[in-house]
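Biologist: Thanks for sitting down with me. Could we walk through this model together, one question at a time?

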Amino acid sequence: MSQFVHKAYLGINILISIVLLEFWKTKYLKLLLQLLLLVTLVVFKAKAQIIVGILLGAYIAYNLLKKQKSILALAIIILGFVAVLNFNKVYGKIKNLTLSSRVEIAKCSYEISKESFLFGIGVGDVKNRLNECYLQKECNDCTNLNSHNYYMNILLSSGVLGLALFIFSYAKIILYSKGTNKELLMILLIILFSMLFENIYSRMWGCLSGGLFINLLLSQKLINKNESFISTKIQ
């Protein structure tokens, strides 16, 4: 039986793998795998993840330049330029069915959000209300599709108060985690960025991944605090 893997989630996994490879000590093997993963990301045409991939590539190239590995850095920069120059031509066609469907989904989401902007319409009613709007707009390709934006999904179900609480909680986590492991923080930011294009936490994979890296970040902060406390006591 064939298995369908959504390219957006595949793209997120590739990005997470690129970041996790930063923990490796084997420099050249690590870099080779990161390059292969960046190329794979472009091949699979996951638009939002390609943008993040370009930024990650720039970060890796910057680190290589600091270590005076200019040839390797140049290879990543060239790959980034190829992705940028071809992004609109290959991935950004306005008449693309996926993009046109997303526009209709965004319009319906916005219209429904105005019905109960403060408290939302409730989790159970979001899917039905979206389908009603798709039917009115005669968007047959949109049937049964979610908002494809987790922030909008929260706005629809819980209103601006729920969205504000969600953003505040993650802002607190990021601020609290400042000064801890930057790779783990980058992964959390990748997941948060991807929420602009997919309902990440509406799937088990998203909940497990988000929860895992949040806990790793908070645990790292506690470890750093305990080490600092013990060091102060010893002195």
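Modeller: Gladly; a contact here means heavy atoms within 4.5 Å. This is a predicted model, so local features need pLDDT of at least 70 and side-chain atom pairs count only at pLDDT 80 or more, while totals for chains, interfaces and linings use all residues. Residues are numbered from 1 along each chain as its sequence is written, and side-chain values use heavy atoms, with hydrogens and water left out.

Biologist: What share of the contacts in the chain with a separation of 6 or more comes from residues 24 or more positions apart?

Modeller: The count takes in contacts with a separation of 6 or more. Within that set, residues 24 or more positions apart account for 70%.

Biologist: How many helices and strands are there in the chain?

Modeller: Helices (H or I, at least four residues) and strands (E, at least two) are DSSP runs, numbered from the N terminus. Read along the sequence, the pattern is α-α-α-α-α-α-α-α-α. The tally is 9 helices and 0 strands.

Biologist: How many disulfides are in the model?

Modeller: A disulfide is a pair of cysteine sulfur atoms within 2.5 Å. Cys108 and Cys133 meet this rule with sulfur atoms 2.1 Å apart, and Cys139 is joined to Cys142 at 1.9 Å, S to S. With the bonded cysteines numbered in sequence order, the pairing is 1-2, 3-4. The count is 2 disulfides.

Biologist: Which parts does the pair Cys108 and Cys133 tie together?

Modeller: The torsion about their S-S bond is about -85°, so this disulfide is left-handed. Cys108 lies in residues 97–113 and Cys133 in residues 126–136, so the pair ties together parts that are 25 residues apart in sequence: helix α5 and helix α6.

Biologist: Is the link of Cys139 and Cys142 left-handed or right-handed?

Modeller: Both of these cysteines are buried, where buried means under 20% relative accessible area, exposed over 50% and partly exposed in between (1.4 Å probe, protein chains only). The angle about the S-S bond is 50°, and the link is right-handed.

Biologist: Is Cys207 buried or partly exposed?

Modeller: For comparison, Cys108 is buried at a relative accessible area of 0%, and Cys133 is buried at 5%. Cys207 has a relative accessible area of 38%, so it is partly exposed.

Biologist: Which residues does Asn153 contact, leaving aside its neighbours within four places in sequence?

Modeller: Asn153 lies in helix α7 (residues 150–176). This asparagine is buried, with a relative accessible area of 16%. Its contacts beyond those neighbours are Val126, Ser147, Asn199 and Ser202.

Biologist: How far does helix α1 reach from its first C-alpha to its last?

Modeller: Helix α1 (residues 7–20) has 14 residues, and its buried residues include Tyr9, Ile12 and Leu15. The expected span of a helix is 1.5 Å times one less than its number of residues. For α1 the expected value is 20 Å, and the reach is close to that, at 20 Å.
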